[in-house]
Amino acid sequence: MGEDANHDGQSLSDCTDQDGRIYMDYNATTPLEPEVAEAITEALKEAWGNPSSSYLPGRKAKQIIDRSRASIASMVGARADDIVFVSGGTEANNLVLHTAISHFYQSWGAAKLGRLVGDHQSGKAGLPHIITSNVEHDSVKLTAENLLKEGKADVTFVEASAMTGRVEVEDVLAAIRPNTCLISIMLANNETGVLMPVKELCERVRVLNEQQPSSAILLHTDGAQAIGKVRVDAQDLGVDYLTIVGHKFYGPRIGALYVNGPGTTTPLFPMFFGGGQERNFRPGTENTAMIAGLGKAAELVNLHLHEYETHMRDTRKYLEQQLQAVFGKEKIHFNSHFPGTETLPNTCNVSVLGPGLQGNATAPAGWKVLSKCRKLLASVGAACHSDRGERPSHVLLSCGILPEVATNALRLSVGRATTKRDVDLVVADLREAVCQLEGQGQCPH
Ligand SMILES: Cc1ncc(COP(=O)(O)O)c(C=O)c1O
């Protein structure tokens with residue numbers, strides 16, 4: 001347990017293992033909070049009934065699901081009915097894109113489609129048009145690319161700005177066409193931690209939607225990385241859909257989709273058909289235990305968000321100070337520091353500069369540094385790309401980071417229990433690794 005762990009004697013999920021390895025990859029995933037593991041275990045034992053059954057074990061399971069739904073709703077400023085349980089972020093994101101396409105074909109009307117064919121220059125008019133960005137998680141990016149490849153949708157990938165690292169509102173608005181049916185822009189980027197101007201974007205698009213209510217553009221944000229780190233309120237943001245991912249906020253590997261009035265105010269078209277659970281939006285017998293864990297993880301966020309956020313911000317700032325102090329300012333580049341841009345409290349995307357680190361190997365220098373580290377467990381970018389480490393992150397390149405800087409990038413993301421001592425050990429570890437790679441053997445002490 002870390003020195004400045006912030007819960008009175010309660011053991012928080014530790015970030016140091018028995019071998020002294022220090023975990024700083026909380027954007028990849030988080031461990032379960034002990035209370036979450038308890039809620040899951042208890043539900044497995046006590047609430048094993050089918051939630052659709054009317055006898056006691058079934059009713060118990062249903063009560064747990066109802067309670068979890070309420071906690072999750074309260075975490076994101078929603079009504080309980082707006083929450084639909086799904087298997088995780090990937091499914092939630094797929095469900096939104098699938099819905100937008102189905103909604104377009106079923107509701108926009110043949111007459112309108114006919115008119116659009118005449119209106120539009122790209123040769124793909126008549127197809128639903130989706131706007132997203134070039135820094136989204138693969139569960140949005142590849143889904144959109146696949147729709148494009150299969151000829152089911154036209155897609156614009158708006159580029160992040162090299163000046164701000166954000167996807168700018170004006171650039172998204174400029175991409176809107178008469179057949180645009182969905183805008184999906186993530187709330188916080190998983191590699192840089194950059195917070196996107198989703199609220200402002202929604203405000204601007206709502207004005208357009210009021211002028212054209214029959215072809216209103218649906219608004220989605222992937223909240224996977226933001227939830228549990230900063231306050232996320234779906235109503236305040238003004239989104240129609242919000243993706244919620246349990247394993248990013250010390251919960252289990254399931255998720256939920258917030259939908260503003262599913263099936264009434266906002267369309268939701270199921271991808272699966274079955275036994276009617278989740279009001280037919282996502283049928284399949286509910287995973288009661290994991291839902292119990294997700295609800296508990298949300299409850300903890302509801303109770304402690306301010307404390308979590310403050311701790312992570314202080315720790316990340318300390319990490320950045322120590323990196324500069326130990327390596328020297330000229331040898332450190334922070335890849336998510338853009339003037340005027342806000343970031344997640346916990347994410348430090350940093351390059352230790354120097355051609356000596358790169359050598360002539362094919363792996364990015366960040367990889368080589370991490371592989372020499374004896375304590376630090378971190379990544380160079382999105383965890384789902386960790387087996388494709390031969391090139392620098394396309395997200396960093398998209399944000400205007402030079403290739404020779406991006407190739408040295410490390411994504412260090414701190415958690416609720418990361419301590420200043422962990423930071424000191426990690427920075428010393430990195431220094432040793434860099435000295436070795438630069439051919440200096442042991443670092444001068
Ligand atoms: C921004 C973002 N969206 C979506 C996902 C996918 O979530 P899941 O792993 O639950 O499918 C992740 C997980 O890495 C993510 O970081």
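First, the ground rules. The model is predicted, so local features need pLDDT of at least 70 and side-chain atom pairs count only at pLDDT 80 or more, while totals for chains, interfaces and linings use all residues. Residues are numbered from 1 along each chain as its sequence is written, and side-chain values use heavy atoms, with hydrogens and water left out.

Overall make-up. The protein chain has 14 helices and 12 strands; these are DSSP runs numbered from the N terminus, H or I over at least four residues for helices and E over at least two for strands. Of its 445 residues, 59% count as buried, meaning under 20% relative accessible area, with exposed over 50% and partly exposed in between, using a 1.4 Å probe and protein chains only. Take the contacts, that is, heavy atoms within 4.5 Å, between residues at least 6 apart in sequence: 71% of them join residues at least 24 apart.

Now the sheet. Seven strands form an open sheet with mixed pairing, in the order β2-β8-β7-β6-β5-β3-β4. Two strands pair here if DSSP finds at least two bridges between them. At the edges are β2 (83–86) and β4 (154–158); each has a single partner strand, so one side of each lacks a neighbour in the sheet. From one strand to the next the twist averages 20°; axes are lines fitted to C-alpha atoms, for helices over the stretch in contact, and angles run from 0 to 180 degrees between N-to-C directions. Within the sheet, β5 (residues 180–184) and β6 (residues 218–222) are paired in the parallel sense over three bridges, and Leu 182 is opposite Leu 218 in β6. Helix α3 (residues 89–107) packs on this sheet and touches β2, β3 (129–133), β5, β6, β7 (241–245) and β8 (255–259). The direction of α3 makes about 160° with that of β7.

Next, helix α5, residues 138–149. The helix lies across β3, β4 and β5, at about 145° to β4. Which residues of α5 are buried? They are Asp 138, Ser 139, Val 140, Lys 141, Thr 143, Ala 144 and Leu 147. Their cover includes α3, β3, β4, β5 and α12 (394–398). Just after the helix, Gly 151 has a positive phi of about 75°.

On to the ligand. A backbone N or O atom of Gly 89 is 2.8 Å from a ligand oxygen atom. In the side chain of Thr 90, an N or O atom is 2.5 Å from an oxygen atom of the ligand.

Last, two threonines in loops. Thr 343 lies between β9 (332–334) and β10 (347–352), and counts as buried at 15% relative accessibility. Thr 418 is in the loop between β12 (409–413) and α14 (420–437), and is buried at 0%. Thr 418 and Thr 315 are 103 residues apart in sequence, yet 7.2 Å apart in space, C-alpha to C-alpha.

How values were computed: Polar contact = N/O pair within 3.5 Å; in protein donor to acceptor, adjacent residues only side chain to side chain.
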